[in-house]
Amino acid sequence: YSAKCSAEKIAVYAGSLDSDNAQRLILMTDLRRAIDGDELFLLFQPKVKIRSRAISGVEALVRWKHPEQGLMSPNQFINFAERAGLITRLTYWVLAAAVRESHVWHGSGQAVPIAINLSSHDLRDPQLMEHVLGSLETWGGSPDWIQFELTESCIMDDLSAAQHVLMQLREAGFKIFIDDFGTGYSSLSYLKRLPVDYIKIDQSFVMGLDEDADSAAIVRSIIELAHSLNIEVVAEGVESKVVMDMLERWGCEEVQGYCISKPISGHDFQSWNRAFV
Ligand code: C2E
Ligand code: MG
Ligand code: MG
Ligand code: MG
């Protein structure tokens, strides 16, 4: 049955369900419609090399323009998409949109790698690899067009699945980032067992760095640890020049945050990139 029809049914049933469940059912129908339609879009946030200030890539961040609720941030619907079994389709949507955007940027000589966030469910998707390669093939792309970000907790959900998928991605030539590093697990031994190119230090440690000695100590030891394993470091949530300078002194390779740019549209990114270089 169509999405529209089920929305009407839910509206009828809503009175008899508790409002949380009703809300959830409506949201599920809406999200399905959003993925199939044109309500989702991507914003792109640049990452730059601290030393040279050269752009190294962008992160794709999904947004949902809900017809009634307005603009929704991923924190409002990603968890929900996971629980509702819609995350695979959402990931495919993001992948396709990112590759299409990359194709446009290549056409205008503005191309940089686009990093995509994966969810733990994606690591258990046996068709992920096939889908990634298929999306690239559609637009004549190659593995340097796309990168992958996975959080520590997503990896630890199923370490052996993560190992398997990350090995496959690495062998195909994709770069891999561990996202929100420092928030997930105290055990770091898993890093040795995974093909990781970059660690992204979580913004909660980075934002108050200049005023909080504990955060500073954590960030410095993460940088040291990463380097001792031959892994490079990106700091997220860099909002000030002061913080950026401290990170540079400590040997952090790359930064991402409002200090460089907020997440912007693909179109705006092209002019930003032109002005930046
Ligand atoms: P994340 O991957 O750690 O992305 C970074 C988040 O921090 C983004 O929020 C970004 O807008 C925000 N941010 C960047 N720089 C700064 C800064 O200087 N200061 C502050 N205060 N915030 C900054 P956003 O776009 O709301 O995304 C939130 C989370 O949603 C992401 O965290 C990611 O885990 C998830 N997400 C976003 N897009 C996708 C997607 O396509 N698929 C999946 N599975 N998850 C996604
Ligand atoms: Mg990310
Ligand atoms: Mg992050
Ligand atoms: Mg995050």
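**Notes on the predicted model**

1. Arginine 53 is placed in the loop between β1 (40–49) and β2, in what is a predicted model. Its phi is near 60 degrees, a positive value in a residue other than glycine. Most residues other than glycine have a negative phi. With a relative accessible area of 29%, arginine 53 is partly exposed, because the term buried is kept for values under 20% and exposed for values over 50%.

2. A positive phi is also found at aspartate 180, where the angle is near 55 degrees and the residue is again other than glycine. Aspartate 180, however, lies within strand β6. Its relative accessible area of 27% makes aspartate 180 partly exposed, and the residue returns in point 5 as a donor to a magnesium ion.

3. Which residues coordinate the magnesium ion that is ligand 2? The donors are Glu59 (OE), Asn117 (OD1), Glu149 (OE) and Asp179 (OD), at 2.0 to 2.2 Å, and along the chain they follow the spacing E-x57-N-x31-E-x29-D. Glutamate 59 belongs to strand β2 (residues 55–66) and aspartate 179 to strand β6 (residues 175–181), so this pair ties together parts of the chain that are 120 residues apart in sequence.

4. Both members of that pair are buried: glutamate 59 has a relative accessibility of 3%, and aspartate 179 has a relative accessible area of 6%. These values should be read with the note that the accessible area of a residue is computed with protein chains only as cover.

5. The magnesium ion that is ligand 3 is coordinated by Asp179 (OD) and Asp180 (OD), and by Glu236, which is listed with two OE donors, at 2.0 to 2.7 Å. The spacing of these donors along the chain is D-D-x55-E. Aspartate 179 bridges this ion and the magnesium ion that is ligand 2, and the two ions lie 4.1 Å apart.

6. Where does ligand 1 sit? Ligand 1 is found in the largest pocket. The elements that give two or more residues to the shell around ligand 1 are β2, α3 (74–83) and β6, and the largest share, four residues, comes from β2. In total, 22 residues surround ligand 1, and the closest are Glu59, Arg63, Asp179, Glu239 and Tyr258.

7. One in glutamine 45 lies 3.0 Å from a nitrogen atom of the ligand, while one in glutamate 59 lies 2.9 Å from an oxygen atom of ligand 1. For asparagine 117, an N or O atom of the side chain is 3.0 Å from an oxygen atom of ligand 1. The protein covers 86% of the 810 Å² of accessible area that ligand 1 has on its own.

8. Strand β2 holds two further residues that deserve a line in the text. Serine 56, found in this strand, counts as buried at 16% relative accessibility, and a polar contact of 2.8 Å joins its side chain to that of glutamate 254. Histidine 66, also in strand β2, is buried with a relative accessible area of 3%, and a polar atom of its side chain lies 3.0 Å from the backbone nitrogen of glutamate 68.

9. Is glycine 109 buried or exposed? At 65% relative accessibility, glycine 109 counts as exposed, and its place is in the loop between α4 (87–107) and β4 (114–117). Glycine 109 and arginine 274 are 165 residues apart in sequence, while in space their C-alpha atoms are 9.8 Å apart.

Methods. Residues are numbered from 1 along each chain as its sequence is written. Chains are lettered from A and ligands numbered from 1 in the order in which they are written. This is a predicted model: local features need pLDDT of at least 70, side-chain atom pairs count only at pLDDT 80 or more; totals for chains, interfaces and linings use all residues. Side-chain values use heavy atoms; hydrogens and water are left out. Donors are N, O and S atoms within 2.8 Å of the metal (3.2 Å for Na, K and Ca); water is not among the atoms, so sites may look incomplete. Buried means under 20% relative accessible area, exposed over 50%, partly exposed in between (1.4 Å probe, protein chains only). A residue is near a molecule or strand if one of its heavy atoms lies within 4 Å of it. A polar contact is a pair of N or O atoms within 3.5 Å; within protein, one must be able to donate a hydrogen and the other to accept it, and residues adjacent in sequence count only if both atoms are side-chain atoms. Accessible areas come from the Shrake-Rupley method with a 1.4 Å probe; for residues, only the protein chains shown count as cover. On a 1 Å grid over the protein atoms alone, a cavity is a set of points where a 1.4 Å probe fits but cannot get out, and a pocket is an open set with protein on both sides within 12 Å along at least five of seven lines; lining residues have an atom within 4 Å of a point. A molecule sits in a cavity or pocket if more than half of its atoms lie within 2 Å of its grid points.
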